[in-house]
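Let's take a walk through a protein model together, one piece at a time. Have a look at the picture and the sequence, and then we'll sort out what is there.

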Amino acid sequence: MIRLLAGIWTLLSLVTAIGFSWLFVTMFWNNRACFDENGQCFVDGVVHHDTSFVYFWIALLAALSGLTGAIIASRRARS
């Protein structure tokens, strides 16, 4: 049962990591050169903030959580 829950946790964590990685790339990485002194970037009427870098840390934590879940799910049952 623990292995099943760990597998579900792994799947949800990796989906979360992919989602936040996509947000990081679209909201920060692609616009990193145009931020002004206030930490804002105006692209096609949309304001991007340099605080969007936080998405990187959330994606990293979710990926590490998914890796931990994968390790737990792949363990052999104790006999």
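This is a predicted model: local features need pLDDT of at least 70, side-chain atom pairs count only at pLDDT 80 or more; totals for chains, interfaces and linings use all residues.

Residues are numbered from 1 along each chain as its sequence is written, and side-chain values use heavy atoms, with hydrogens and water left out.

Now for the overall outline. The C-alpha atoms of the protein chain fill a box of roughly 60 × 20 × 15 Å, taken along the principal axes. Another way to look at this is the radius of gyration, which is taken over C-alpha atoms; the globule rule is 2.2 Å times the number of residues to the power 0.38. A compact globule of 79 residues would come out near 12 Å, but the protein chain has 18 Å.

What is the chain built from? Its secondary structure comes to two helices and two strands. Helices (H or I, at least four residues) and strands (E, at least two) are DSSP runs, numbered from the N terminus. Follow the sequence and you get the pattern α-β-β-α.

Let's look at the helices together. Two packed helices are described by the angle between their axes and the distance between the axes. Here, helix α1 (residues 2-27) packs against helix α2 (residues 54-74) at an angle of about 160 degrees, with their axes 7 Å apart. That makes α1 roughly antiparallel to α2. For the cut-offs, angles under 35 degrees count as roughly parallel, over 145 as roughly antiparallel, 65 to 115 as roughly perpendicular and the rest as oblique. The axes themselves are lines fitted to C-alpha atoms, for helices over the stretch in contact, and angles run from 0 to 180 degrees between N-to-C directions. As for who takes part, the contact of α1 with α2 has 18 nonpolar, eight polar and one charged residues. In that count, Ala, Val, Leu, Ile, Met, Phe, Trp, Tyr, Cys and Pro are nonpolar, Asp, Glu, Lys and Arg are charged, and the others, Gly among them, are polar.

Trp22 lies in helix α1 and, at 56% relative accessibility, counts as exposed. Its C-alpha atom is separated by 9.1 Å from that of Ala59, 37 residues apart along the chain. Ile18 also has its place in helix α1, and Ile18 is exposed, with a relative accessible area of 61%. Ile18 and Phe35 are 17 residues apart in sequence, yet 24 Å apart in space, C-alpha to C-alpha. Compare Arg76, in the segment after α2: Arg76 and Arg3 are 73 residues apart in sequence and 9.2 Å apart in space, C-alpha to C-alpha.

Next, the strands. Asp44 sits in the loop between β1 (40-43) and β2 (46-49) and is exposed, at 76% relative accessible area. Most residues other than glycine have a negative phi. Phi of Asp44, however, is near 50 degrees, a positive value.

Finally, which cysteines form a disulfide? Cys34 and Cys41 do, with their sulfur atoms 1.7 Å apart; the cut-off for a disulfide is a pair of cysteine sulfur atoms within 2.5 Å. The torsion about their S-S bond is about -60 degrees, so the disulfide is left-handed. Cys34 is partly exposed, at 35% relative accessible area, whereas Cys41 is buried, at 0%.

Note on methods:
Buried means under 20% relative accessible area, exposed over 50%, partly exposed in between (1.4 Å probe, protein chains only).
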